[in-house]
Amino acid sequence: MNEKLEHDPDFTEEERAEFERLEKEHPYKEIEEEIIRVPVQQKAAADTKHDLLYLLIFIIVMAVFLVIIFITQI
């Protein structure tokens, strides 16, 4: 990271000098990523007692739509 960067026109010469001084005093260091382990929680099973009912309603509705489509095609 010793490459020379273009000066940002939004900063004055004093601000740029202060930034460079602080950068020399406290150089940037990458730290290793910390891995935080989270205990696995037992989740209750999703409520599935009405799944078959929803499936049957869906099939019936789709059958009605198909019948309507076939009737209108005649």
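Does Glu-25 count as buried, exposed or partly exposed, and what is its relative accessibility? In this predicted model, Glu-25 has a relative accessibility of 45%, and because buried means under 20% and exposed over 50%, with partly exposed in between, the residue counts as partly exposed. Glu-25 belongs to helix α1, which covers residues 13–25, and its side chain is joined to that of Arg-21 by a polar contact of 2.9 Å.

With regard to the overall fold, the protein contains two helices and zero strands. Its radius of gyration is 33 Å, whereas the globule rule gives 11 Å for 74 residues, and since the former value is well over the latter, the protein is more spread out than a compact globule. The extent of the chain can also be described by a box along the principal axes, which the C-alpha atoms fill and which has dimensions of roughly 80 × 45 × 20 Å. Within this arrangement, the C-alpha atoms of Glu-25 and Ile-57 are separated by 70 Å, although the two residues lie 32 residues apart along the chain.

The surface of the protein was considered next. Of its 74 residues, 1% count as buried, and the accessible surface comes to about 8,500 Å², of which carbon and sulfur atoms account for 62%. As for charge, the protein carries 8 positive and 17 negative charges, and the mean positions of these two groups are 7 Å apart.

Technical notes: Residues are numbered from 1 along each chain as its sequence is written. Side-chain values use heavy atoms; hydrogens and water are left out. Helices (H or I, at least four residues) and strands (E, at least two) are DSSP runs, numbered from the N terminus. The radius of gyration is taken over C-alpha atoms; the globule rule is 2.2 Å times the number of residues to the power 0.38. Buried means under 20% relative accessible area, exposed over 50%, partly exposed in between (1.4 Å probe, protein chains only). Accessible areas come from the Shrake-Rupley method with a 1.4 Å probe; for residues, only the protein chains shown count as cover. Lys and Arg count as positive and Asp and Glu as negative; His and the chain ends are not counted. The place of a charge is taken as NZ of Lys, CZ of Arg, CG of Asp or CD of Glu. A polar contact is a pair of N or O atoms within 3.5 Å; within protein, one must be able to donate a hydrogen and the other to accept it, and residues adjacent in sequence count only if both atoms are side-chain atoms.
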